[in-house]
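Here is a short briefing to read alongside your model. Keep the structure open as you go, and look up each residue when it comes up.

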Amino acid sequence: MTAETNALMDAAADANAGEPAIPTDLPLRNDLIGEEPYGAPQLDVPVCLNVNENPYAPKADVVESIAQRIREAARSVNRYPDREHEALRQAFCDYLKAESDARLQPAQVWGANGSNEIMLQLFMAFGGPGRTALAPAPTYSMYPEYARDTFTAWQTVPRNDDFTVNVVDTIQAMHELQPAMVVLTSPNNPTGTPLPIEDLKQILEASQSATVAGAQPGTHPIVVVDEAYIEFRDPGTPSATTLVNDYHNLAVSRTMSKAFAFAGSRVGYVAADKGIIDCMRIVRMPYHLSAITQAAALAAFDHTDEQLAEVNHLRQTREQTAQWLTTQTYKGKALQVMPSQSNFILFGGHLAERELIFEQMLERGVLIRVVGPEGWLRVCMGTDEEMAQFRAALTASLRAAEQMTGYTA
Ligand SMILES: Cc1ncc(COP(=O)(O)O)c(C=O)c1O
């Protein structure tokens with residue numbers, strides 16, 4: 001490794017280790033001792049393809065609208081914001097109608113600071129001591145952290161070999177473990193795998209007769225579908241939000257951070273029966289969504305088409321990149337590529353030295369992610385120029401890693 005890569009890796013390690021060390025005389029919760037803050041490394045490298053953002057920055061007119069709305073909101077920042085964020089909830093409904101043909105009322109949607117906060121509120125309201133959350137794994141690595149933070153037991157059920165949800169096993173686990181929450185991610189992170197709506201319906205139907213350990217008799221689990229990446233699905237594929245009116249125990253989490261190209265503003269939301277949202281309102285912080293955030297999100301929704309303008313192109317980039325990846329080899333064997341309905345791709349499968357390949361990529365200025373089962377790496381879709389750099393860096397990194405591990409063809 002060069003000195004420069006060493007420094008980058010050190011920076012990444014420091015960020016993960018939460019330096020400086022926590023003083024031992026602080027009464028940190030016992031179960032948190034030795035834990036580290038979650039987060040992908042934030043490194044100053046030319047090509048960042050590691051956190052599944054939309055790489056296209058807002059256009060000048062969108063920036064102007066956001067600035068204008070924030071200027072207006074700033075005139076009354078001496079007052080607390082609208083706690084119920086009513087204008088924004090109407091905007092979520094309008095968006096979900098246009099994007100997914102979901103017909104919802106403002107009482108059926110609820111916003112927060114990123115879908116991270118939505119999920120945490122769900123765990124706070126429905127998890128807790130004596131309660132269990134269940135998810136098909138591998139999946140998004142933040143879920144066990146929400147569980148830890150809310151004293152909820154975290155249980156997983158293995159996905160099939162192709163990372164699709166094993167519906168039969170999931171339903172069986174739901175009956176055996178009696179979770180309060182079943183968390184399904186569609187498309188799944190880090191695999192990109194969608195959950196077909198028919199599979200979701202089967203799980204929802206089964207949940208109607210499932211019971212919940214640690215809860216009042218007669219209660220059933222809630223089914224949470226995390227649709228953070230749903231806008232990248234094939235056009236015409238139904239979203240779980242279209243089932244919200246049919247299942248009062250369904251909560252569908254969405255975000256403006258991914259396709260909507262608004263990650264920096266931190267806005268996520270949930271579509272669910274009013275009953276679920278009323279439960280979340282019990283645990284939310286008062287005034288959790290700042291007036292500035294609400295103003296910025298409303299301005300962005302005024303430019304929905306522009307914000308989503310590159311989604312189709314990113315889908316094409318994904319298909320082209322997936323195809324290209326299948327032509328690449330490591331140690332004489334073709335890379336596997338998981339079919340993705342998202343803006344990222346899990347690839348490899350047999351990359352025993354994935355850390356080394358990751359470091360080699362970093363040395364070439366391209367940051368990807370070591371995540372998911374052993375042997376796999378994840379890359380998210382960037383601009384055309386970024387993807388050209390990714391391809392060049394990956395080919396070179398695979399050859400370098402082969403050489404460094406003594407592989408000869
Ligand atoms: C599956 C999934 N859900 C939720 C999130 C969180 O998104 P945000 O809090 O930015 O809305 C992410 C972010 O990477 C994700 O991958």
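**A quick tour of the model**

Let's start with Arg266, which is found in the loop between β7 and β8 (helices, H or I with at least four residues, and strands, E with at least two, are DSSP runs numbered from the N terminus). This is a predicted model, in which local features need pLDDT of at least 70, side-chain atom pairs count only at pLDDT 80 or more, and totals for chains, interfaces and linings use all residues. Residues are numbered from 1 along each chain as its sequence is written, and side-chain values use heavy atoms, with hydrogens and water left out.

**Backbone points to check**

- Arg266 has a positive phi of about 60° although it is not a glycine.
- With a relative accessible area of 31%, Arg266 is partly exposed (buried means under 20%, exposed over 50%, partly exposed in between, with a 1.4 Å probe and protein chains only).
- Phe151, in the loop between α5 and β4 (153–158), is not a glycine either, yet has a positive phi of about 60°.
- Phe151 counts as partly exposed, at 45% relative accessibility.
- Ala137 and Pro138 are joined by a cis peptide bond with omega of about 5°; Pro138 lies in the loop between β3 (132–137) and α5.
- Another cis peptide bond joins Ser186 and Pro187, with omega of about -5°, and Pro187 sits in the loop between β5 (181–185) and α7 (197–207).

**Two domains**

- The protein chain is divided into domain 1 (3–56 + 310–404) and domain 2 (60–304), with bounds that come from an automatic or database domain assignment.
- The centres of the two domains, taken over C-alpha atoms, are separated by 26 Å.
- In domain 1, 27 residues are in contact with 29 residues of domain 2 (contact means heavy atoms within 4.5 Å).

**The largest pocket**

- The largest pocket has a volume of about 820 Å³.
- On a 1 Å grid over the protein atoms alone, a pocket is an open set of points where a 1.4 Å probe fits, with protein on both sides within 12 Å along at least five of seven lines; lining residues have an atom within 4 Å of a point.
- Grid points are joined across faces, edges and corners, and the volume is the space filled by probe spheres set on the points.
- Of its 39 lining residues, Tyr38, Val51, Asn116, Tyr140 and Lys258 are the closest to the centre.
- Domain 1 and domain 2 both give residues to the lining, so the largest pocket lies between them.
- α4 gives the most to this lining, with 4 residues.

**Lys258**

- Lys258 lies in the loop between β7 (250–255) and β8 (268–272) and counts as buried, at 15% relative accessibility.
- Leaving aside neighbours within four places in sequence, Lys258 is in contact with residues including Val51, Asn52 and Tyr229.

**Inside the protein**

- Of the 48 residues in the largest nonpolar core, Leu200, Leu250, Met256 and Phe262 touch the most other members.
- A nonpolar core is a set of buried Ala, Val, Leu, Ile, Met, Phe, Trp, Tyr and Cys residues joined through side-chain atoms within 4.5 Å.
- A second, separate core of 38 residues includes Leu49, Tyr229, Phe358 and Leu398.
- Ala112, found in strand β2 (residues 109–112), is buried, with a relative accessible area of 0%.
- Not counting residues up to four places away in sequence, Ala112 touches several residues, among them Arg266, Val267 and His288.
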